Amino acid sequence: MTERVSPGLWADRIFIGLFAAYVLIPLGITALMAFSDDNIIRFPIRGWSLRWFEEFFGNRRWLTAALNSLKIAALTACLSILLAVPAAYGLSRSRKARSRLQVLLLLPLFVPAVVLGVSVAIGFGNVTLFGHALYGSSLLVACAHTLWALPLAITVLEPSFATLDRSLVEASGDLGASPLRSFFTVSLPLVSTGLVSATLFAFITSLNEFIMALFLTTRDSQTLPVLLWLSLRSSATPQLAVAAILLAASVFTAIGLAYGWYLLRRRRKRLSAPMI
Amino acid sequence: MTPRLQLTALRKTYGSFTAVEGTDLTLGEGEFLTLLGPSGCGKTTTLRLIGGMEKPSSGRIEINGKRVDHLPSYKRDTATVFQSGALFPHLTVTENMAYGLKMRGVPSSEIPGRIARMLDVVQMGRFAARYPSGMSGGQRQRVALARAMVVEPSILLFDEPMSALDLKLKLELRSEIRRLHRELGFTAVFVTHDQSEAMTLSDRVVIMNQGRIEQSGAPVETFERPASAFVYSFLGESCQLAIDADAGRDGSLRLANAPGAGRHLLFLRPASLRRVSPGEAPNEADARVAEVEYLGGSYRLHADAPSGRLSLDLSEAPALAPGDGVTIGWDSADATWFPAP
């Protein structure tokens with residue numbers, strides 16, 4: 001006899017199925033289209049080939065855009081984490097200021113990207129730094145992306161610091177570690193999971209961001225989403241699908257790496273479980 | 001000789017609350033001192049002041065004759081065994097133990113040897129490569145002990161290290177600490193609310209109440225010659241009779257030597273009380289049986305005298321029911337008097 005499944009559970013499954021389909025169908029279609037042999041994006045697909053992948057990797061413009069995206073995302077992740085660690089640590093230590101400051105820190109998330117993009121472009125459009133124009137540089141885009149990535153990173157990190165066992169910090173001081181050494185040898189390693197998540201959030205936020213990048217990049221510094229959009233305006237070849245799939249793939253890879261790292265840590269801990 | 005530790009008029013207040021009120025204390029080399037008292041008596045605060053985890057509001061702390069009360073925790077030569085153990089979860093047992101040695105600048109060539117020796121001493125050698133999550137509470141506490149001892153501090157501080165362990169482990173670790181103190185001769189301040197821990201471990205017990213030291217002395221001395229009513233009732237079981245000039249006028253209380261004028265408290269240990277026939281003992285009280293409890297192996301009789309409740313242990317079941325009259329006697333030497341507050 002088969003086990004009876006309650007109606008509630010069925011509703012659950014149907015909902016999850018529909019949700020997954022809703023998310024995955026467009027992605028799946030795009031993925032299929034990337035392998036089309038056709039010159040334009042259309043259905044049904046007449047032949048399969050890897051020619052658009054070849055085109056993508058043979059095209060300097062696309063490669064530069066992909067590289068720009070990764071560079072800006074890495075820069076954003078670095079900036080965000082460098083700022084988020086002290087900020088989150090400080091927030092977790094001051095109960096009074098926490099609620100007020102948290103609202104302030106989250107504010108940029110609710111400012112439309114168009115507004116942020118235009119503001120940064122107007123504000124820094126004519127600024128030169130050490131003889132280089134700031135406008136159009138990867139640094140400026142990364143700084144703009146940090147406006148969004150930083151609040152996310154802080155939000156992810158703050159609970160890690162807040163739940164840190166104070167007696168461990170005390171113990172390290174008691175054993176002779178100065179506050180700074182204690183921070184780097186005890187606090188930081190113990191929030192490493194939060195640290196990895198926060199870095200990842202910042203990285204992906206930047207990788208995905210399109211509007212600010214559109215306002216702040218020039219032809220030389222444009223990112224993959226920006227180039228995608230510009231190409232869509234001119235000619236809709238399956239190369240767009242290739243670019244889109246590669247962008248999605250890099251996001252999923254970043255998540256996968258973080259998850260793998262997390263599993264590895266869990267396993268290492270379990271390996272040292274008592275032998276009975 | 002300079003004492004290992006000297007506290008002078010040490011005081012700690014939190015707002016209007018006084019946690020430690022003008023404590024003076026001297027600790028000699030190799031001495032094992034216990035701060036004993038109920039929760040909130042200031043014993044843990046005193047320990048944290050010594051370790052530098054709290055700043056004193058006023059007063060002096062000297063370690064080996066050097067004033068340290070202005071120094072942060074990491075510049076003091078103390079090491080603490082925390083209540084939770086506070087082992088670093090991301091480090092192995094060996095790495096946990098190496099931590100303090102590295103921070104104190106011990107040459108790295110010496111470190112492995114010192115760790116190995118100390119792990120042997122606490123019999124945890126085969127756990128060297130384990131992470132704290134892979135050990136039981138008792139094992140973790142042993143490592144915490146080893147981690148504090150391996151740096152060879154001037155003073156070892158114990159912050160109720162056994163309160164989270166079950167009874168069997170508690171007794172085990174207790175005798176372990178006693179053995180280690182005998183073998184290594186460290187100087188220790190041990191905080192506990194458990195009097196049997198304090199009695200078995202210490203050279204000297206300091207009993208604290210409401211931020212003040214009530215009595216300081218050898219365990220036997222504090223138990224047998226308590227300096228205050230608080231100490232008497234805190235250490236061991238006690239019965240307490242409130243006695244004024246009128247007490248016993250009706251003949252229900254017959255004392256060999258009555259106190260002077262005014263209200264007094266008469267303290268007695270259940271173990272020194274016995275059931276007697278009237279006229280048999282030098283001191284006697286007539287009481288009514290309130291309750292007889294079976295304690296497993298013996299019986300405890302609770303009886304209410306006009307001036308208070310008396311309890312005593314009997315080896316055989318008394319043929320008594322609640323409400324029956326009974327006479328309880330004791331020797332004058334077993335009675336302790338304190339003026340009533």
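Predicted model: local features only at pLDDT ≥ 70, side-chain atom pairs only at ≥ 80, totals over all residues.
Residues are numbered from 1 along each chain as its sequence is written, chains are lettered from A in the order in which they are written, and side-chain values use heavy atoms, with hydrogens and water left out.

**View 1. The interface between chain A and chain B.** Contact (heavy atoms within 4.5 Å) involves 24 residues of chain A and 25 residues of chain B. The two chains bury about 2,200 Å² between them, 59% of it on carbon and sulfur atoms; this buried area is the accessible area (1.4 Å probe) lost on putting the two parts together, summed over both.

**View 2. The salt bridge and the chain A side of the interface.** One salt bridge (a side-chain nitrogen of Lys or Arg within 4 Å of a carboxyl oxygen of Asp or Glu) is counted between the chains. B:Arg48 and A:Glu170 form a salt bridge, with their closest N and O atoms 2.5 Å apart. On the side of chain A that touches chain B, at least two residues each come from helix 7 (166-174), helix 8 (179-190) and helix 12 (239-271); helices are DSSP runs of H or I with at least four residues, numbered from the N terminus. By class, this side has 11 nonpolar, eight polar and five charged residues, where Ala, Val, Leu, Ile, Met, Phe, Trp, Tyr, Cys and Pro count as nonpolar, Asp, Glu, Lys and Arg as charged, and the others, Gly among them, as polar.

View 3. A:Ser206 lies in helix 9 (residues 192-208) of chain A. A:Ser206 counts as buried because its relative accessibility is 4%, buried meaning under 20% relative accessible area (1.4 Å probe, protein chains only). Leaving aside residues up to four places away in sequence, A:Ser206 touches A:Ile72, A:Ala73, A:Thr76 and A:His145. The side chains of A:Ser206 and A:His145 are joined by a polar contact of 2.9 Å, that is, a pair of N or O atoms within 3.5 Å; within protein, one must be able to donate a hydrogen and the other to accept it, and residues adjacent in sequence count only if both atoms are side-chain atoms. A:Trp148 is 58 residues from A:Ser206 in sequence, with a C-alpha to C-alpha distance of 8.3 Å.

Notes. Buried < 20%, exposed > 50% of the residue type's maximum accessible area, 1.4 Å probe, protein only.
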